[in-house]
Amino acid sequence: MAAVDDLQFEEFGDVATSLAANPDATTINIEGPGETPKRLGPPRGSGRQEDDELLGNDDSDKTELLAGQKKSSPFWTFEYYQTFFDVDTYQVFDRIKGSLLPIPGKNFVRLYIRSNPDLYGPFWICATLVFAIAISGNLSNFLIHLGEKTYHYVPEFRKVSIAATIIYAYAWLVPFALWGFLLWRNSKVMNIVSYSFLEIVCVYGYSLFIYIPTAILWIIPQKAVRWILVMMALGISGSVLAMTFWPAVREDNRRVALATIVTIVLLHTLLSVGCLAYFFDAPEVDHLPTTAVVPNQTVVAAKSS
Amino acid sequence: FAGLSDISISQDIPVEGEITIPMRSRIREFDSSTLNESVQNTIMRDLKAVGKKFMHVLYPRKSNTLLRDWDLWGPLVLCVTLALMLQRGSADSENDGGPQFAEVFVIIWFGAVTITLNSKLLGGNISFFQSLCVLGYCILPLTVALLVCRLVLLAKPGPINFIVRLFVVIMMFAWSIVASTAFLADSQPPNRKALAVYPVFLFYFVISWMILTFTP
């Protein structure tokens, strides 16, 4: 044990006494990775000793504590907003799949979001939807009016800003109103399930995903096809929303609960039907002028000759 | 304690050498020489840097030049060119036409800023201005597509005209995506690459749509 004598420092009183009290404690562990070091190196101060104790004795406890907590930074730092983008690619795909295949009895929020709401999905799904609706509407109008001689193609760029306003307002204001309403009802009736604002925004954002392929398919200029698409999209996303919010209002007064679900579905219907009506021209109306133009031209030709 | 006996610090290892700060006197000369040089030299140096980056976009290889020496001159020039050529004329009184100058400008710059914020929020380690620089420079193929489209539109309108324009725009759109992905993809964590690349795809798709639907 000559090494222990070499390492004893006279100045650091507390360490010297502890080493003297426990001479078997190893100061440097070279043997191997399997053993946990009790003290690491010659201590240089009392602060270091506290660290050593933590690392030596409470190793497992500390890691468990860190795993359970989420670091919460104040809202003016960048890291605060990074917690809302803490999703991987496969998680986003899973959430989108969950919004496309509503399983009765399975709650979208509990199953997929699991207290990790993200803002990536809602934001970029809404952005894609805005451009999908504007571009599809423009394309569909172009194809409908294709044969007409008096039609001059315009890109209708103003409709992009209108679409953006409508969709982002729906995706943020309706969840805000719903969250406020649920908060108010929670203060009156004790509900088992309650959602945070971001989880509601998340559900609404992902439920709008079905409208992207619907908007692209709305290019087909057949009224029947368009209305079938509206019904299907409404059925899928409406049921996702209804199944998510039914547990939150179930314990309430029967009428209030039903009214809430009906309002949610009604607003969703209003959005889809309104977008269809405003951005996509009706297909059959414009076939009449083409047949009327031809007789006029023959009459003019007859008159001029 | 067997291993401890092998550790020994001998007291008499001489440490000697020279500490010099090279280039110090030369840096002073360099500074004053850029101050005294002719205006042409200064402008040509910046123009050459911008031109070199254009070449890197046209032939995308994995290199760090775009990221290391970023500048925003190229993106500004490209954005202004694109917005000037895409805007509808002032004599056009229709309400629903193509985008105005301000709309194109805002879409490009706010789109680039949003994509940069998105990639930083997802945990990428690229700086704000480096990302803006890459996104701006990779608009170059689409600007070339717009010039070609304007030339093609001088010819007779018809389906062949449209198909030529469509083909050119699609090719340049793919080129932009490949160029920007070559520079941006490495800065993302590997399990989020698709999440960071998709907004770039949407951004260039919207610009391509504006170019394709341009009618003079």
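Trainee: At what angle do helix α8 and helix α9 of chain B pack, and how far apart are their axes?

Mentor: Bearing in mind that this is a predicted model, helix α8 of chain B, residues 159-184, packs with helix α9 of chain B, residues 193-212, at an angle of about 155°, and their axes are 10 Å apart. Because angles over 145 degrees count as roughly antiparallel, α8(B) is roughly antiparallel to α9(B).

Trainee: And is the crossing left-handed or right-handed?

Mentor: The crossing in which α8(B) passes α9(B) is right-handed.

Trainee: Which residues make that contact?

Mentor: On α8(B) they include F162(B), L166(B), V169(B), F173(B) and I177(B), while α9(B) contributes, among others, V200(B), F201(B), Y204(B) and F205(B). By class, the residues of this contact divide into 13 nonpolar, four polar and one charged.

Trainee: Switching to the chains, how much area is buried between A and B?

Mentor: About 3,000 Å² is buried between chain A and chain B, and carbon and sulfur atoms give 70% of that area. On the side of chain A, Y120(A), W124(A) and F157(A) supply 22% of the area that this chain buries against chain B, which is more than any other three residues. The contact takes 31 residues from chain A and 33 residues from chain B.

Trainee: How many salt bridges are there between the two chains?

Mentor: The count between chain A and chain B is two. In a salt bridge between these chains, the side chain of D86(A) meets that of R192(B), at 2.8 Å from N to O.

Terms used:
Residues numbered from 1 in each chain as written. Chains lettered and ligands numbered in written order. Predicted model: local features only at pLDDT ≥ 70, side-chain atom pairs only at ≥ 80, totals over all residues. Heavy atoms only, no water. Axes fitted to C-alpha atoms, helices over the stretch in contact; angles between N-to-C directions. Helix = DSSP H or I, 4+ residues; strand = E, 2+ residues; numbered from the N terminus. Parallel < 35°, antiparallel > 145°, perpendicular 65-115°, else oblique. Left-handed = near helix turned anticlockwise from the far one by under 90°. Contact = heavy atoms within 4.5 Å. Nonpolar A, V, L, I, M, F, W, Y, C, P; charged D, E, K, R; others polar. Buried area = accessible area lost by both parts, 1.4 Å probe. Salt bridge = Lys/Arg side-chain N within 4 Å of Asp/Glu carboxyl O.
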